[in-house]
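My notes follow in the order I made them.

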Amino acid sequence: MNTNSLLLELQHHDISISLDKEDLLINFEGDDVSEILIEKIRNNKPALVAYLKKYAGQNDFQRIQPVEIQECYPISVSQRRIWILSQFPEISKAYMIPNEIPLTGDFKFDIFRKAIDAVIERHEILRTVFREDSRGEIRQWIIPSGKLDFKISFLDFSDRDDAVQTVDQRIEQDGLKAFDLTQGPMIRAMLFKVSSSDYRFYYIMHHIISDGWSLGVLANNVLNYYNSFCQNLTPDLSPLDIQYKDYASWQTRQLAENNFAEEKKYWMQIFSERVNGLELPNIGMRPKVKTHHGEVIEFYLSKQVTSDLKDLSRQCEGSLFITLLTLWNILFYRYTNQRDIVVGTAVAGRNHAGLEEQIGFYVNTLPLKNTIAPEQNFTTLYASVKSSLVLPILWTTFWSFLVKNN
């Protein structure tokens, strides 16, 4: 069995492996590992050991170290992309990430505000702005907590019959307000009281300092601080070894040292030929200028359909993700009759153990290209889609296996 394919299969089952001299250590979630996978690991042990030895010696570059204190710091590749797009005010509004959390109880606003301030102090990225330096280069500038113009608002609508609707309107209005990337702060927050014991904690951040994962980190940190402060306890949060500026500086060095040459070569080869956008049938015309006024359609699969899809995934020795991606490609082919299909999928980008508790912009989008041949059957296409995922997925997860276990 191909080593890359086996590593991908292990990754789909949340199984990681590492080296202990000549032995393999298996780490997994849950109670056990299937005998089939154990047998595959056993039969491919020499190849796995050789593979790990080859790359384990290169994992030093993954150990992100804090950088020296400076006036300003490099921005990450992802931040540069967002900054360029954000020079157009209307487009900038499309890169704001709102979230809200329902809370029940008797919340003390003064303590809640103290908890928010503690989180902003903990995560430098929440105090970061983006300005040009003397050479005209866009850099990160970290504002001291005492000089950051941030205030959380508390609005009490508990005595109103239309409290829920009023809060919804306030949140909608706030979501239309743009952020000033040069002045900050890049976060706004409100605590709404909608009844005697019901609250809604609303916060919104610009994408240049945050991603979907970060929303959960911020909420968990705020509630951890709040509950601890209410009980006069020390918050149960380990100190952060690094900050986002350290990650961005590390990434800049990796690019300068050409440590991603293999990955770059792979993607340049995959997209060496032009791929046309999908011409999906619709009732209107695409605007000449992108408006970011698209809609989101949500639907749910029944338990039976979900169970059937999982069974199909097992039969094809793949994952539910591969199954859905294969079906998605088939659907696009049926609608467009185009053979080359590119589907974007988000990856967390936190392939280092030190990034799991960080707030910042780490997420990235992988363009997954597949070619449909009309004469193919489903099994053949499934195998092709599965094969096309091996390197992209391994590159986003394999290094985290090494770092977490060494």
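**Helix pair one**

I started with α6 and α8, which come out as oblique to each other; angles under 35 degrees count as roughly parallel, over 145 as roughly antiparallel, 65 to 115 as roughly perpendicular and the rest as oblique. Helices here are DSSP runs of H or I with at least four residues, strands are runs of E with at least two, and both are numbered from the N terminus. I noted that α6 covers residues 109-122 and packs against α8 at about 130°, with the axes 8 Å apart. The axes are lines fitted to C-alpha atoms, for helices over the stretch in contact, and the angles run from 0 to 180 degrees between N-to-C directions.

The crossing of α6 past α8 is right-handed.

Which residues of α6 and α8 meet? On the α6 side I listed I111, F112, K114, A115, I116, A118, V119 and R122, and they face L218, N221, V222, Y225, Y226, F229 and C230 of α8. Contact means heavy atoms within 4.5 Å. By class, the α6 and α8 contact has twelve nonpolar residues, one polar and two charged. For the classes, Ala, Val, Leu, Ile, Met, Phe, Trp, Tyr, Cys and Pro are nonpolar, Asp, Glu, Lys and Arg are charged, and the others, Gly among them, are polar.

**Ground rules and confidence**

I am working from a predicted model, where local features need pLDDT of at least 70 and side-chain atom pairs count only at pLDDT 80 or more, while totals for chains, interfaces and linings use all residues. Residues are numbered from 1 along each chain as its sequence is written, and side-chain values use heavy atoms, with hydrogens and water left out.

I checked pLDDT, the predictor's confidence in each residue from 0 to 100. The chain averages 86, and 89% of the residues score at least 70. Residues 57-61 stay under 50, and the model gives them seven contacts beyond four places in sequence. Residues 398-406 are also below 50, with 30 contacts in the model beyond near neighbours in sequence. Where pLDDT is low, the predicted coordinates should not be read in detail.

**Whole chain**

I counted 13 helices and ten strands. Of the 406 residues, 44% are buried; buried means under 20% relative accessible area, exposed over 50%, and partly exposed in between, with a 1.4 Å probe and protein chains only. Of the contacts with a separation of 6 or more, 72% are between residues 24 or more positions apart.

H206 sits in strand β8. Buried or exposed, for H206? H206 is buried, because its relative accessibility is 0%. Beyond four places in sequence, H206 touches I82, S86, S92, Y95, M96, F179, L181 and M186.

H207 is in the loop between β8 (198-206) and α8 (212-230). H207 counts as buried too, at 16% relative accessibility. I found H207 touching Y95, M96, I97, F361 and V363, leaving out residues up to four places away in sequence.

**Helix pair two**

Next I looked at α11 (residues 303-315) and α12, whose axes come within 8 Å and cross at roughly 100°. That makes α11 and α12 roughly perpendicular to each other. L309, K310, L312 and S313 of α11 meet L320, T323, L324 and L327 of α12. The α11 and α12 contact has five nonpolar, two polar and one charged residues.

I also checked Y335 in α12. Y335 is exposed, at 52% relative accessibility. Y335 and P281 are 54 residues apart in sequence but 7.1 Å apart C-alpha to C-alpha, and Y335 touches both L280 and P281.

Most residues other than glycine have a negative phi, and most peptide bonds are trans. I went looking for exceptions.

- The G184 to P185 peptide bond is cis, with omega near -10°, and P185 is in the loop between α7 (163-174) and β7 (187-193).
- N232 has a positive phi of about 55°; N232 lies in the loop between α8 and α9 (244-256) and is exposed, with a relative accessible area of 72%.
- N337 has a positive phi near 65°; N337 is in the loop between α12 (320-336) and β9 (340-347) and is exposed at 58%.

Terms used
Left-handed = near helix turned anticlockwise from the far one by under 90°.
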